[in-house]
Amino acid sequence: MINGERTISRPLRWGMVGGGRTGQVGYKHRTGALRDGTYQLVAGAFDLDAERGRDFGVNLGLEADRCYATYQELITEEAAREDGVEVVSIATPNFTHYEITKASLEAGLHVICEKPLFFTVAECKEIERLAEEKGLIVGVTYGFTGHPLVHQMAAMVKKGMLGDIRIVDMQYTHGFNSGDDVGAGEAVKWRTNPKSAGPTFVLGDIGTHLYYLSEIVLPHMKIEKLLCDRKAFIPTRAPLEDHATVLMHYDNGARGRIWVSSVDAGNMGSQRYRFVGSKASVEWSDSRPDQLIYEVQGEPNRTLHHGMPYLEEESLAIDRMGALHTEGLGDSWSNIYLWIAQAIDAKNRGDEAFLKTHHYPGIKAGTEGVRWLENCVRSADAGSVWVDFK
Ligand code: NAD
């Protein structure tokens, strides 16, 4: 169980780019980072609006002269200080991720970047090499993938409790973009423009969460081919999609489906995952995040509760609230940030042995998400045909 005791020798000096007052995801980063004594927020270039960004930073408790107008200024000014930042989080629109990550790594900073990491696998590979060369960590933040019940599912699959995995069925859908974009805010505008969002809208925005989660639960399974059907129900969003279905064939013969949509009008359930094996199935939804449904063929269905001693050690070790009390998205973010802090600390100490076995969402998690997107787009744009996964 995690109880907030510090697991690294001192807090990392942390800065944020983006995630300002009006940003959607910034507070999730701070909720994740500022919990276990592993990060201290000391600087930021929080906002495109420099004045608002400075005011916001000061309200977060930062010194005014460490609230910068641009990320370039943050990097330069902080490098000149003995107590300058050593890690930055990037919570800005997709098209900025690559340039901010590159500049930060070149300045010797570890990076925690939002998904989808970059636009192309080639960019990911280049950054992978740069991080390796500089001896720095790049972490990626996939929201629910730190939840104890996600890791319970992974442990059950690993132990063979489901038998051979046959069906993967995942959904992340909501209805917030059911109407047109007339008068839409910034967060919708950049998401529906290929120049700022990249080659996808909902596939990258929410589908990559599902793909990484499936990699955690089913690390032994690889996709052999996939077929993606994507559509913009609101035509002004084309060529990007507000709805997509992806069918997948895995190397063990399993079949998979991922459904992502932002035009699923009225749906507030959002995420649901079901993994079906030859003996049993597990199902989890973020509308009941404390519960995992475990169904063994021929037996009464079971509801497993987070934090209960009957769960696997992999799940109990990362539980925070304890059974009976809600464990949710904020707790998951805290685990993700903690794992990345431990990775950075190990990198700083040169402890490669620790890094070999330590679980955290690193650059490969980002690269594989972008690879999945590239394959989805290749299939969809060829007329929704089966393509070999490359
Ligand atoms: P947003 O438009 O709501 O907020 C973006 C923020 O970044 C704003 O504060 C804006 O002023 C600031 N900004 C933009 N460009 C900047 C720059 N060059 N320098 C400094 N600040 C800048 O966007 P959002 O919804 O918060 O999404 C941001 C990123 O987070 C996207 O990549 C998105 O895909 C990702 N995201 C991830 C999750 C998750 O669960 N991991 C959830 C939501 C969004």
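Mentor: The model is predicted, so local features need pLDDT of at least 70 and side-chain atom pairs pLDDT 80 or more, while totals for chains, interfaces and linings use all residues. Residues are numbered from 1 along each chain, and side-chain values use heavy atoms, without hydrogens and water.

Trainee: What makes a region a pocket, and how much space lies in the second largest pocket?

Mentor: On a 1 Å grid over the protein atoms alone, a pocket is an open set of points where a 1.4 Å probe fits, with protein on both sides within 12 Å along at least five of seven lines. The second largest pocket holds about 1300 Å³. Lining residues have an atom within 4 Å of a point; there are 45 of them, and those closest to the centre are Y212, H358, H359, Y360 and K364. Domain 1 (12-144 + 335-362) and domain 2 (147-321 + 369-388) each give at least three residues to this lining, with the bounds taken from an automatic or database domain assignment.

Trainee: How do you decide that two rings form an aromatic pair?

Mentor: Rings of Phe, Tyr and Trp (its six-membered ring) pair if their centres lie within 6.5 Å; planes under 30 degrees apart are stacked, over 60 edge-to-face, and the rest tilted. That rule gives ten aromatic pairs.

Trainee: Why is L324 called exposed, and what is S384 called?

Mentor: Buried means under 20% relative accessible area, exposed over 50%, and partly exposed in between (1.4 Å probe, protein chains only). L324 has 84%, so it is exposed. S384, at 23%, is therefore partly exposed. F144 and W284 are both buried.

Trainee: What is the phi of L324 and of S384?

Mentor: Most residues other than glycine have a negative phi. L324 has a positive phi of about 90°, and S384 one of about 60°.

Terms used: Grid points are joined across faces, edges and corners, and a volume is the space filled by probe spheres set on the points.
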